[in-house]
Amino acid sequence: MIVRLILAADRFLTGLAVLAAMLALGAAVAIGFWQIVARFVLAQPSPWSEVAIQLLIAWMVFLGAAGAFRTGAAVSVDLARRASSGVTRLVLDGLIAVSSFAFLGLMVWQGIIIAQRVRFQNLAGLDIPVSVAYAALPAGAAFCMLAVLARLVDPQTRRDEADRAQLDAQV
C-alpha cells in the first residue's frame, strides 16, 4: 500500500517536474530568440531577457534532475553495479540511495536557508525576489528525493535491470 502510494506520487510529481523543466527550456529558447531579435534586428537590447533565461535554466536543471534520478542516470556506480548481482547489488543500490538521499536532504535544507537570506533582494531587470531563483535548489532536490525513494522501492526497476542484464549477456 505504501509502495503504491509512493509510486503514484512519484509518477505524478516527477512527471510534473520534468514537464515544468521542458517548458522552462522552451521558454528560455523563445526568450533567447527574442533577445537576439531585439538586439540585432531592432537595435533595442532587452534588459530583462538574459536574467530571465538564467532563471529558467536554473529551474530547468533542478527540476529536470528528478527525471535523471528516477531513471538512475544521475548517480550510479556503473562498473560496480555491473560487476555485482543479488544481495551485493541490493546493498550497493541501498548505499547509493542513502547517500543520494542524504546529499539531496542537505540541498533542501541549505537551499531553504539561502532562499530565505536573499528574499529581500530583487533580480535586476525582472524586479522579482532573488529567492525565486534560489528556490529552484530546494524544490528540485525535494523532487529528486521522491524520485530516489521511488526508484528504490519500484519492483519494475528490478525487472528492467534483469531484462538489460539478459540482453547484455546475449551480446
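Q: Which residue forms a salt bridge with Arg-70 in which the closest N and O atoms are 2.7 Å apart?
A: In this predicted model, local features need pLDDT of at least 70 and side-chain atom pairs count only at pLDDT 80 or more, whereas totals for chains, interfaces and linings use all residues. Residues are numbered from 1 along each chain as its sequence is written, and side-chain values use heavy atoms, with hydrogens and water left out. A salt bridge is taken as a side-chain nitrogen of Lys or Arg within 4 Å of a carboxyl oxygen of Asp or Glu. With its closest N and O atoms 2.7 Å apart, the partner of Arg-70 in this salt bridge is Asp-154.

Q: How many residues apart are Arg-70 and Asp-154?
A: Helices (H or I, at least four residues) and strands (E, at least two) are DSSP runs, numbered from the N terminus. Arg-70 belongs to helix H2, while Asp-154 sits in the loop between H6 and helix H7 (155–170). The pair therefore links distant parts of the chain, and the separation is 84 residues.

Q: Is Asp-154 buried or exposed?
A: Buried means under 20% relative accessible area, exposed means over 50%, and partly exposed lies in between, with a 1.4 Å probe and protein chains only. Arg-70 has a relative accessible area of 16% and is buried. Because the relative accessibility of Asp-154 is 12%, Asp-154 counts as buried.

Q: Which residue meets Arg-70 in a salt bridge of 2.5 Å, N to O?
A: A search of the whole structure finds 2 salt bridges. In the one at 2.5 Å, N to O, the side chain of Arg-70 meets that of Asp-10. Arg-70 lies in helix H2 and its partner in helix H1, so the pair ties together parts that are 60 residues apart in sequence. Asp-10, Arg-70 and Asp-154 are linked in a network of salt bridges, and the residue asked for is Asp-10.

Q: How far apart are the end C-alpha atoms of H4?
A: The expected span of a helix is 1.5 Å times one less than its number of residues. For the 32 residues of H4 this should come to 46 Å, which agrees with the distance between the end C-alpha atoms, 47 Å.

Q: Which residues make the nonpolar surface patch of about 650 Å²?
A: Patches are made of residues with over 30% relative accessible area and no salt bridge, like charges being joined within 9 Å and nonpolar side chains (Val, Leu, Ile, Met, Phe, Trp, Tyr) within 5 Å. Trp-48 lies in the loop between H1 and H2, and at 32% relative accessibility Trp-48 counts as partly exposed. The members of the patch are Trp-34, Ile-36, Phe-40, Val-41, Leu-42 and Trp-48.

Q: What is phi of Ala-43 near?
A: The place of Ala-43 is in the loop between H1 and H2, and at 56% relative accessibility Ala-43 counts as exposed. Its phi is positive in a residue other than glycine, with a value near 55°.

Q: What share of the 171 residues of the protein chain count as buried?
A: The secondary structure of the chain comes to 7 helices and 0 strands. Among contacts with a separation of 6 or more, 70% are between residues 24 or more positions apart. Of the 171 residues, the share that count as buried is 33%.

Notes
Contact means heavy atoms within 4.5 Å. Accessible areas come from the Shrake-Rupley method with a 1.4 Å probe; for residues, only the protein chains shown count as cover.
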